[in-house]
Amino acid sequence: IRKRRIWWESVPGAASYMVYVSKDTSLFDAGKFGWAATPGVLCRQVTGKNELIIPDEWPEFPPETGTYHIGITSRDEAGNESDPFLSSGLFKLSAPPPPSRRGIENL
């Protein structure tokens with residue numbers, strides 16, 4: 001399975017980052033987005049670095065092939081969290097099935 005790397009630039013004053021994922025981009029709209037409490041959005045906290053390797057470091061990442069919308073926020077020591085920076089990408093984390101016909105023949 002080909003891995004994907006989600007990365008971002010470090011932010012001064014950030015103690016950690018939150019990475020959010022959803023197939024529905026409208027869940028990140030102001031008024032709907034409630035950070036970790038948003039129904040339909042999965043999240044993962046990242047501390048001490050500015051990247052996340054999928055699926056190794058986030059095995060709960062949705063395995064279905066499709067376009068996913070990623071929101072990344074920064075958090076300070078007091079727990080204050082920024083608005084999300086949004087990006088989207090196609091994720092395909094499974095291999096195709098093996099050939100159904102095969103054989104070895106003498107020539």
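Predicted model: local features only at pLDDT ≥ 70, side-chain atom pairs only at ≥ 80, totals over all residues.

Colleague: What is the order of the strands in the open sheet?
Modeller: Four strands make up this sheet, and their pairing is antiparallel. Strand 3 (42-46) and strand 6 (85-91) each have a single partner strand, so they stand at the edges, with one side of each left without a neighbour in the sheet. On average, neighbouring strands are turned by 25° against each other, direction ignored. The order is 3-2-5-6.

Colleague: Which residue in strand 3 is the bridge partner of Y17?
Modeller: Strand 2 covers residues 16-22 and runs antiparallel to strand 3. Five bridges join these two strands. For Y17, the bridge partner in strand 3 is V46.

Colleague: What radius of gyration does the chain have?
Modeller: Let's begin with the box filled by the C-alpha atoms, roughly 70 × 30 × 20 Å along the principal axes. A compact globule of 107 residues would have a radius of gyration near 13 Å. The chain itself has 18 Å.

Colleague: And what share of the residues count as buried?
Modeller: Buried here means under 20% relative accessible area. The accessible surface of the chain comes to about 7300 Å², and 54% of that belongs to carbon and sulfur atoms. Of the 107 residues, the share that counts as buried is 31%.

Conventions. Residues numbered from 1 in each chain as written. Heavy atoms only, no water. Pairing = 2+ DSSP bridges. Axes fitted to C-alpha atoms, helices over the stretch in contact; angles between N-to-C directions. Rg over C-alpha atoms; globule rule 2.2 N^0.38 Å. Buried < 20%, exposed > 50% of the residue type's maximum accessible area, 1.4 Å probe, protein only. Areas by Shrake-Rupley, 256 points an atom, 1.4 Å probe, with all protein chains shown as cover.
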